[in-house]
Protein chains: 2
Amino acid sequence: MSLPTFAPRALYQDVAELLRQRIFAHQLPPGSWIDELKIAEEIGISRTPLREALKVLATEGLVTMKLRRGAYVTEVSQKDLLQVYHLLALLESDASAELASKASAEQIAELQGLHDALEAAVHERDAFFIANERFHMRVLEMLDNKWLSQMVADLRKVMKLNRHNSLFKSGRIEESLQEHRALMRALAAQDSSAARACVMLHFKNGLAAAS
Amino acid sequence: MSLPTFAPRALYQDVAELLRQRIFAHQLPPGSWIDELKIAEEIGISRTPLREALKVLATEGLVTMKLRRGAYVTEVSQKDLLQVYHLLALLESDASAELASKASAEQIAELQGLHDALEAAVHERDAFFIANERFHMRVLEMLDNKWLSQMVADLRKVMKLNRHNSLFKSGRIEESLQEHRALMRALAAQDSSAARACVMLHFKNGLAAAS
DNA sequence: ATTCATAATTATGAATGCAGAATTTTGAAT
DNA sequence: ATTCAAAATTCTGCATTCATAATTATGAAT
């Protein structure tokens with residue numbers, strides 16, 4: 001009997017993920033051109049899977065393709081950021097409202113656990129960021145809606161292109177945590193409209209902090 | 001002085017569009033595997049740009065990639081359809097509400113023109129379908145939100161995978177037109193909440209007809 | 001020194017080639 | 001006729017090669 005062997009992914013998918021990491025880390029800053037040959041050599045593959053990965057990232061909006069010029073990391077304007085926050089607020093608030101009305105006790109307990117991890121990470125920026133994203137994504141996963149999950153995941157990627165991420169502002173973490181507590185309460189109380197309002201507020205404040 | 005030369009697109013984009021057409025026309029039915037060699041020869045290109053196009057379609061959700069098996073046209077379940085309609089309702093109703101509050105007289109006039117085309121196409125299924133989609137997409141474009149436009153466009157593509165499209169049900173066209181009239185009135189009256197409600201109802205009825 | 005035309009270089013776009021996994025075919029044993 | 005194993009074939013995944021557009025370098029003319 002073998003260990004659950006991780007489904008091997010296609011190379012282009014791994015490359016896409018690697019590029020995302022580099023983009024989010026601003027190792028590939030917005031506006032910078034992507035030198036196919038350079039990166040392909042760097043990671044020890046041919047250009048073919050790299051170019052396939054770039055097409056994926058372009059469809060996600062992380063890079064922009066210019067004919068005969070190649071790909072550059074998308075520059076996210078303030079307007080873009082505002083629009084992305086608005087969409088995230090709309091989608092995630094609706095999702096939270098729906099989950100509030102249908103979550104099982106086990107699911108609430110799991111979310112409570114993720115929330116507790118968030119509380120514990122309040123003094124660790126990176127950990128808080130990760131715990132925060134995990135909580136948000138888990139809420140979506142519980143709805144078992146792959147389209148919604150995919151859309152929100154893509155939007156969050158774009159949001160992460162922005163250097164001035166709201167959670168990196170001092171004071172914002174504490175505030176964010178407060179909002180999360182309120183959301184957790186609303187979910188536990190199965191209060192859909194409260195959950196919706198909490199998430200709306202959460203993003204509204206997040207945007208204000210990011211601007 | 002030269003004629004406005006159409007910005008030549010990359011080959012993989014043209015191929016992606018061609019595949020979308022074939023998928024929507026059910027020339028490539030849901031569940032069918034895509035034979036790269038066969039299609040590449042058929043349209044007279046190599047496999048490389050075709051494979052790039054497939055990655056794009058996979059990211060859009062139109063096809064699914066299986067490692068070492070290739071790509072097959074995504075099968076849209078009833079659950080998927082319900083979820084997609086829900087998301088379209090959420091996104092487009094919000095968009096309509098926003099546009100109602102900020103549309104210029106010129107924009108309302110343009111939409112009125114598109115609506116009139118819809119009225120005129122009531123007895124022509126395909127024309128009605130096209131006019132309907134043009135109206136919906138134009139509303140989004142007027143908000144100048146590329147993220148929203150892209151998401152809705154992708155969701156609509158998935159919706160079109162379904163053979164039993166609501167607009168093909170008899171009686172639905174007339175009903176749909178009524179809903180459009182109400183929306184047009186709400187937009188012209190700059191009544192955001194009415195516009196939102198109209199679009200919500202439009203999709204709710206559309207889903208009911210599609211199920 | 002600056003500018004412009006031309007040559008050299010570089011990088012992208014697309015075709016071709018190749019290794020190996022997955023599928024199909026073949027044929028012997030029952 | 002059916003089943004099953006092995007050989008043959010097909011098809012995908014990735015690397016390599018080639019063609020050409022875009023960029024940079026060169027150098028003569030002003």
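**A helix and its surroundings**

Modeller: Helix α2(A) is followed by A:Gly44, whose phi is positive, near 75°. This is a predicted model, in which local features need pLDDT of at least 70 and side-chain atom pairs count only at pLDDT 80 or more, while totals for chains, interfaces and linings use all residues. Residues are numbered from 1 along each chain as its sequence is written, and chains are lettered from A and ligands numbered from 1 in the order in which they are written. Helices are DSSP runs of H or I with at least four residues, numbered from the N terminus.

Of the eight residues of α2(A), residues 36-43, zero are buried, so this helix lies largely in the open. A residue is buried if 20 or more other C-beta atoms, placed from the backbone, lie within 10 Å of its own.

Helix α7(A) has a list of buried residues: A:Leu148, A:Met151, A:Val152, A:Asp154, A:Leu155, A:Val158, A:Met159 and A:Leu161. Seen down the axis of α7(A), they fall within an arc of 165°, so they line one face of the helix; the arc is that of the directions from the helix axis to the C-beta atoms. Their cover includes α1, α3, α4 and α6 (125-142) of chain A, together with α4 (78-102) and α7 (146-161) of chain B.

The two chains meet directly: 23 residues of chain A are in contact with 22 residues of chain B, where contact requires C-beta atoms, placed from the backbone, within 7 Å. On the side of chain A that touches chain B, α3, α4 (78-102) and α7 (146-161) of chain A give two or more residues each, and α3(A) gives the most, with six. That side divides into 13 nonpolar, four polar and six charged residues. Here Ala, Val, Leu, Ile, Met, Phe, Trp, Tyr, Cys and Pro count as nonpolar, Asp, Glu, Lys and Arg as charged, and the others, Gly among them, as polar. Because 91% of the interface residues of chain A are also interface residues in chain B, the copies meet through the same surface.

Helix α3(A) also gives the most to the surface near DNA strand D, with three residues. A residue is near a strand if its C-beta atom, placed from the backbone, lies within 6 Å of it. Of the 18 residues around DNA strand D, A:Leu11, A:Ser46, A:Thr48, B:Glu36 and B:Gly70 come nearest.

Conventions
Buried ≥ 20, exposed ≤ 12 C-beta atoms within 10 Å, placed from the backbone.
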